[in-house]
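Keep the structure in view as you read.

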Amino acid sequence: MSDTMHVSGTVQPRAPHQLRLNRSQRSTPRTRPGARVPREFVHRPLVDDILVTSWRRRDDSHFSLTAQWPHDHGYFIPNHGRHHLILTGETIRQAGLLLCHTELGVPVGHHFILGDLVYTTHPEHLAVGSGPTPLTVDVTCSKMRMRAGTMTSGRFEMTIRKGGRIVATGHSNVTVASPAVYRRIRGERLTARRTLGPLPTSVPPRLTGSLSDSDVLLAPTDRPDRWLLRIAPGHAAVVNPANDHVPGMVLLDAAQQAARVLTSPDAFVPYAFGTEFRRYAEHATPCVIEARRVPSALPCTTTVQVTGSQDGEPVFISTLTALAPRP
């Protein structure tokens, strides 16, 4: 999925040569403790949604970052006293974007096409405390392709730790497109925007683990394993006015909501989440979300596969695995 970003605030985009640090700078953290990374570098329009707080280069392919997970976010609410599953994926996404802009020569304004996003968490270390959870993120870059000092594609492998203990591991594969290339890829759909028609009725929020109807991304159909994607207009956590398509993280959240509805919002608490993106999810076309149980590779686990499609073609395929509930 392309990760179109929204430039806002007072931070000015920097020229590509300003984003590449010299050797003397590479071991120095690039923000002061507690400072916020500029919104433009993680493609988040709201400051409260920025999870990554600082970064430093260790060598040409390894980086260390800090992050924090909120304990009281209005949308990513805890599940069974543990941090929301999507926070791990969003941390991986933001860390990769930040390094692309600050260390790998990608100018602000370029577009990111997310090929996949895969991660496994350790639930015993995901407990929510009374304040934000501080984290460290170790990043290894591989399969990097560069052109004129700018990354055009690469793989980011990450290990997220809390207090020295591994909270999650994961990776993403990303391709970068210049504005000119992206215009050719998207064509007329580049200027498409979601039409504000009547919002369909939502699945009951308690079934998806949501606080309110506006947080529910699923509308019921005549089948218990099939839904239509619904997005409340102006939703601060999932709607970015600059996107010409439905953002990939919205699709991930719709997938985990669907898996909960199919199984049980109380019993199904996934710890592993893998998604392959096949094409863009367009605003003007209904997106059908389907979920089904599939055989699990590990004993005492439950696995659900969720597929999103438009016009009969797959947009994404997600696989979520949870520990089977104790009898």
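H3 passes H6 in a right-handed crossing, meaning that the near helix is turned clockwise from the far one by less than a right angle. Contact (heavy atoms within 4.5 Å) is made by Ile-86, Gly-89, Glu-90 and Arg-93 of H3 and by Met-249, Leu-252, Asp-253 and Gln-256 of H6. By class, this contact has 3 nonpolar, 2 polar and 3 charged residues. Here Ala, Val, Leu, Ile, Met, Phe, Trp, Tyr, Cys and Pro count as nonpolar, Asp, Glu, Lys and Arg as charged, and the others, Gly among them, as polar.

The model is predicted: local features need pLDDT of at least 70, side-chain atom pairs count only at pLDDT 80 or more, and totals for chains, interfaces and linings use all residues. Residues are numbered from 1 along each chain as its sequence is written, and side-chain values use heavy atoms, with hydrogens and water left out.

H3 covers residues 86–102 and H6 residues 248–262; they pack at about 160 degrees, axes 10 Å apart. The two are therefore roughly antiparallel (over 145 degrees).

Now the second largest cavity. About 120 Å³ of space lies in it. Its lining has 13 residues, with Asn-79, His-83, Leu-85, Val-269 and Pro-270 nearest the centre. H6 and strand E9 (270–277) each give two or more residues to that lining.

Definitions and conventions
Axes fitted to C-alpha atoms, helices over the stretch in contact; angles between N-to-C directions. Helix = DSSP H or I, 4+ residues; strand = E, 2+ residues; numbered from the N terminus. Parallel < 35°, antiparallel > 145°, perpendicular 65-115°, else oblique. 1 Å grid on protein atoms, 1.4 Å probe; cavity = no way out; pocket = protein on both sides within 12 Å on 5 of 7 lines; lining within 4 Å. Points joined across faces, edges and corners; volume = space filled by probe spheres on them.
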